Amino acid sequence: MAHIQLLDELVREYLLFRGFTITLKSFDAELKVDKDRGFRVDRIVDQFVIFINNYDLQSLRDLWTHFDQKIFSKLEYEFIPGVRKLESSLLKFYLANAIANNKSEKVVEFFNKMTPEIQGHPEWKDWFTLPFIKSPEDHPVFSVHFTKQWQDAFLVSLHNFLAIMYQVMPQPVLASYEEEATKLRRLQEENEALKHKLSALGQGSNIVPDAVPPMDIMDDFYIIAQETPSSGESQGRILKNFIRTIGGGIPTSPILGRKPQSHDESSGVQKHHSSKRSHASQASWIKYGNSAESVPKRSLSLDSRSRKGHRDLSIENDKKNAKNDNFLMLSQEQMSEHKVAIIQCKFNVNGTLVASSDSDGVLKVWSPSPTLSIISSFHFSTPITALCWLKSERFFLSGSLDGILRFHDAKDNKIIWELIPDGTSVLKDSKIVTLCCNHTERHFACTALNEAKKEAKLLVYDIKTHKLEQAYSVGEGGPDLTVNCAVFNHNGSLLIAGCSDGTVRILDIRNGDCLQKRLVHDGPIAGLDIAQDHNTFYTFGSDHKLCRHNLAQLNPEPVWTATLPSCSTQHGAQCFSLHQNGKHVLIACGENGTNIYQITNCGLQLMLHLRDHKSLLTACDWSTANQCATCLSAASDGIIRISTILTP
């Protein structure tokens with residue numbers, strides 16, 4: 001992406017031309033602290049190395065977090081293990097460098113700061129003994145990380161990974177202007193040359209058009225280095241193969257061991273790629289977390305043009321069409337520690353723990369596997385009406401019917417802090433309707449509803465100081481307008497709120513502005529979830545419609561709609577949950593159990609029906625590990641079903 005530097009200069013020239021000197025100063029100031037280093041991958045890798053050599057753990061973590069939130073979080077779920085493998089290797093590189101230079105205090109500092117994050121991860125199990133080993137460079141577990149070969153291979157892998165990411169991530173229109181102009185000029189030149197040859201042939205000339213020689217097969221990373229445009233299919237293939245390779249270990253150069261092909265073999269490969277070219281042209285890029293519809297394109301196929309805009313699609317629930325063979329029920333058990341109706345039931349980020357609450361005020365934290373076991377149990381005077389796990393796996397927030405907010409440590413079985421409404425509190429005489437945390441774990445949002453006064457407030461708190469930072473008005477609609485469900489975007493700057501008047505409101509939490517209001521349902525919105533790409537989100541309303549929206553588009557209409565039969569649409573109920581891959585959804589269907597659907601362009605394709613409940617469903621959630629999914633379905637009789645399913 002070397003052209004980015006040119007674009008920066010063009011923007012500076014334009015700002016000077018317009019006389020926007022204040023904007024220019026701000027632009028220059030931000031360029032000086034640009035963590036993306038102008039998208040120069042070599043400079044980014046050098047910065048990582050500088051932090052490692054300076055033993056600056058905090059800056060190293062901040063830089064990785066920047067890329068994790070801005071880029072890696074938009075990858076599809078199947079690529080996340082490869083990203084985590086790179087992150088672990090980066091931290092192990094830091095430790096190896098510190099030990100090699102006799103900085104034992106930096107090693108101790110590392111484990112003091114990082115233990116809450118890495119504890120429990122199998123790849124770090126042996127590393128906690130590192131500070132107590134005299135010669136770790138000779139130890140069979142650690143020795144490879146002290147070799148120059150491993151360190152060089154890791155830096156090459158990191159460089160290539162970032163280069164691929166910048167290649168396949170969507171570009172702004174301005175960045176593609178020069179590319180499109182060059183392509184147009186090239187096509188015009190080819191057109192003129194063909195006209196000349198055709199004219200010469202028509203005049204009986206002996207000129208014969210030159211045959212295009214077969215192209216040599218080049219190394220994938222050579223293509224990246226040259227920054228030649230490639231199809232979305234080839235970019236997706238490169239990214240998939242590269243990240244899966246990382247997941248299995250740090251690779252060596254992809255050029256090594258590659259044998260030159262004969263002319264016949266090259267021709268055969270060329271024909272094979274040519275046969276796929278028409279299919280590849282239908283997507284601008286494939287595996288960078290966005291579907292073809294959720295990414296603005298400069299050109300669309302006829303098929304994609306016909307699918308744009310609002311659609312009302314029915315569920316394909318014919319059993320003959322249900323692809324149940326793609327999902328296999330492995331086991332099913334029940335958790336019966338609750339004796340009354342379940343209100344909330346949610347997995348933590350890794351699916352290792354579940355928090356569940358009931359209408360008697362009982363809150364339980366438990367592990368669903370390998371055997372069901374209760375970790376902790378609390379009994380409060382009023383029911384817990386909202387739950388939200390943080391990204392750190394062990395911490396979660398709860399909100400109660402009497403407006404009390406609590407911050408829990410699931411591992412140590414304790415409440416770290418709680419906010420009890422006093423006479424002047426905004427939470428006084430209110431119940432907590434919904435809770436959500438942003439991905440940076442700096443803030444959380446909640447809705448406090450005073451039913452007596454018919455007044456609802458959207459509140460944003462700082463997690464560490466547990467102080468109120470903002471109280472928002474979600475716009476016109478009256479004081480009783482309530483945010484029933486909400487979710488933050490990837491960097492925590494936007495809050496997507498599903499409201500009781502059927503609207504989705506996109507709020508800028510920095511200044512409290514409502515950036516957009518979209519009327520999407522006839523009646524209150526009961527559920528809202530955001531996809532892994534953080535650009536696509538889904539809403540479910542009391543009109544029994546599931547709608548898909550694009551956060552980036554200005555058009556307020558949903559890009560996709562499907563109507564469902566009887567479902568749990570009670571306010572605050574967990575009526576549906578997206579799979580991490582964004583392609584499947586688990587939906588609580590009233591008294592009929594939960595259904596797993598595949599999200600298709602034509603609607604919802606029934607994949608598996610989970611029965612066994614005898615009362616009304618109140619919540620559902622699921623989590624995945626490897627090829628298995630663990631589904632939770634909770635009902636008004638206090639029973640929670642745990643279904644382990646083999647996923648496609």
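Two strands pair if DSSP finds at least two bridges between them. Strands (E, at least two residues) and helices (H or I, at least four) are DSSP runs, numbered from the N terminus. In this predicted model, local features need pLDDT of at least 70 and side-chain atom pairs count only at pLDDT 80 or more, while totals for chains, interfaces and linings use all residues. Residues are numbered from 1 along each chain as its sequence is written, and side-chain values use heavy atoms, with hydrogens and water left out.

The pairing rule applies to strand E8 (residues 395-400) and strand E9 (residues 405-409), which run antiparallel to each other over 5 bridges. Within this pair, Gly399 has Leu405 in E9 as its bridge partner. Both strands belong to an open sheet of 4 strands, in the order E7-E8-E9-E10, with antiparallel pairing. Strand E7 (384-389) and strand E10 (414-419) are the edge strands, each pairing on one side only. On average, neighbouring strands of the sheet are turned by 20 degrees against each other, direction ignored; the axes behind such angles are lines fitted to C-alpha atoms.

A nonpolar core is a set of buried Ala, Val, Leu, Ile, Met, Phe, Trp, Tyr and Cys residues joined through side-chain atoms within 4.5 Å. Buried means under 20% relative accessible area, exposed over 50%, and partly exposed in between, with a 1.4 Å probe and protein chains only. The largest such core has 44 residues, and those with the most contacts inside it are Phe48, Phe72, Leu95 and Phe110. Helices H3 (41-53), H4 (57-70), H5 (80-100), H6 (104-118) and H7 (148-168) each supply at least two of its residues. H5 gives the most, with 10 residues. Leaving aside neighbours within four places in sequence, Phe48 is in contact (heavy atoms within 4.5 Å) with Leu60, Leu63, Trp64, Phe67, Leu90 and Leu158.

Phe48 is one of the buried residues of H3, along with Val41, Ile44, Val45, Gln47, Phe51 and Ile52. These residues lie on the same side of H3, because they cover an arc of only 150 degrees around the axis, taken from the directions from the helix axis to the C-beta atoms. An α-helix has 3.6 residues a turn, so residues three or four places apart point the same way. H3 is followed by Tyr55, whose phi is positive, near 55 degrees.

Elsewhere, strand E29 (residues 640-646) holds Ile645. Ile645 is buried, with a relative accessible area of 0%. Its C-alpha atom is separated by 6.3 Å from that of Thr630, 15 residues apart along the chain.

How values were computed: Axes fitted to C-alpha atoms, helices over the stretch in contact; angles between N-to-C directions.
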